[in-house]
Amino acid sequence: VWIPGIVPGITAACAALTNEKEGIITAVPVYHPFHLVAGWVNCPLITFEMIKEGDRWTFDFDDFERGLQKGPKVFLLCNPHNPGGTVFNETEILRIVDLCAKYNVTIVSDEIHADLVYPGEQHTTLATLANHNDKIITAVAPSKTFNIPGLGLSALIVPNLEQRVKLQKVFDSLHLSNTNPF
């Protein structure tokens with residue numbers, strides 16, 4: 001689904017997949033629009049803490065699971081993490097996917113920093129480790145890799161047809177379907 005930018009895309013995804021009772025979960029810290037989107041779509045925001053392990057930041061998975069138990073429908077993830085810079089490893093990604101599947105939570109994974117080079121690190125796209133029935137939406141864009149955010153050219157990869165239809169309805173109602181001619 002082509003979108004004019006990541007923030008409008010995650011906002012539309014949250015509008016399509018949550019409501020005022022279910023909400024959104026995300027980490028602290030995280031890219032600040034992830035905390036603002038809940039207010040924009042009038043639903044609860046649930047947060048959980050990140051912890052420092054050695055020289056990198058990762059999730060407090062116990063706190064993450066406590067948050068998932070509160071009933072959110074969407075988990076907003078930055079992979080690699082913004083602002084922490086953590087490139088999540090396969091073990092962490094599998095744990096994220098498994099916990100979200102356990103609680104029937106859709107993961108919206110912002111992966112626009114994936115092409116940046118991290119010495120000694122290899123980015124793994126979240127969806128590559130998921131099962132075919134996991135609910136994962138991946139946000140991609142050339143804006144960070146090629147320093148072209150002004151083009152407003154982004155996409156959401158939405159394998160689940162039902163979610164893609166709901167998302168497209170929100171985009172159409174907000175007139176967000178137009179993208180840059182490039």
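**A guided look at a predicted chain**

Visitor: Which residues form one aromatic cluster here?
Guide: Rings of Phe, Tyr and Trp (its six-membered ring) count as a pair if their centres lie within 6.5 Å, and planes under 30 degrees apart are called stacked, over 60 edge-to-face and the rest tilted. The residues that form one aromatic cluster are F48, F59, F61, F64, F75 and F88.

Visitor: How many aromatic pairs does a search of the whole structure find?
Guide: The structure is a predicted model, in which local features need pLDDT of at least 70 and side-chain atom pairs count only at pLDDT 80 or more, whereas totals for chains, interfaces and linings use all residues. Residues are numbered from 1 along each chain as its sequence is written, and side-chain values use heavy atoms, with hydrogens and water left out. When the whole structure is searched, the number of aromatic pairs found is 10.

Visitor: What is the angle between the planes of F48 and F64?
Guide: A pair of aromatic rings is described by the distance of the centres and the angle of the planes. F48 and F64 form a tilted pair, 4.6 Å centre to centre, and the angle between their planes is 40°.

Visitor: Which helix holds F64, the partner of F48 in this pair?
Guide: Helices (H or I, at least four residues) and strands (E, at least two) are DSSP runs, numbered from the N terminus. The pair links distant parts of the chain, 16 residues apart, with F48 in strand β3 (residues 45-53) and F64 in helix α3 (residues 61-68). The helix asked for is therefore α3.

Visitor: Is F48 buried or exposed?
Guide: A residue is buried under 20% relative accessible area, exposed over 50% and partly exposed in between, using a 1.4 Å probe and protein chains only. F64, its ring partner, has a relative accessible area of 0% and is buried. F48 has a relative accessibility of 0%, so F48 counts as buried.

Visitor: Why is the pair of F59 and F61 edge-to-face?
Guide: Both residues are buried, F59 with a relative accessible area of 2% and F61 with 9%. Their ring centres are 5.8 Å apart, and the pair is edge-to-face because the angle between the planes is 65°.

Visitor: How many strands does the chain have?
Guide: Along the sequence the pattern is β-α-β-α-β-β-α-β-α-β-β-α-β-α. The secondary structure comes to six helices, and the number of strands is eight.

Visitor: What radius of gyration does the chain have?
Guide: The C-alpha atoms fill a box of roughly 45 × 40 × 30 Å, taken along the principal axes. The radius of gyration is taken over C-alpha atoms, and the globule rule is 2.2 Å times the number of residues to the power 0.38. For 182 residues a compact globule would have a radius near 16 Å, and the chain agrees with this, having 15 Å.

Visitor: What percentage of the residues in the chain is buried?
Guide: Contact means heavy atoms within 4.5 Å, and among contacts with a separation of 6 or more, residues 24 or more positions apart account for 66%. Of the 182 residues in the chain, the buried share is 45%.

Visitor: Where is S154 found, and which residues is it in contact with, leaving aside neighbours within four places in sequence?
Guide: At 5% relative accessibility, S154 counts as buried. S154 is found in strand β8 (residues 154-157), and, with those neighbours left aside, its contacts are V1, W2, I3, G5, I6, V140 and A141.

Visitor: How far is G152 from A141 in space, C-alpha to C-alpha?
Guide: G152 lies in the loop between α5 (143-146) and β8, and it is buried, with a relative accessible area of 16%. G152 and A141 are 11 residues apart in sequence, while their C-alpha distance in space is 8.6 Å.

Visitor: Which residue is joined to P80 by a cis peptide bond?
Guide: The peptide bond from V28 to P29 is cis, with omega near 0°, and P29 lies in the loop between β2 (24-28) and α2 (33-40). P80 has its place in the loop between β5 (74-78) and α4 (90-102). In the cis bond to P80, where omega is about 0°, the joined residue is N79.

Visitor: Is N42 buried or exposed?
Guide: N42 is found in the loop between α2 and β3, and it has a positive phi of about 60° although it is not a glycine. With a relative accessible area of 56%, N42 is exposed.
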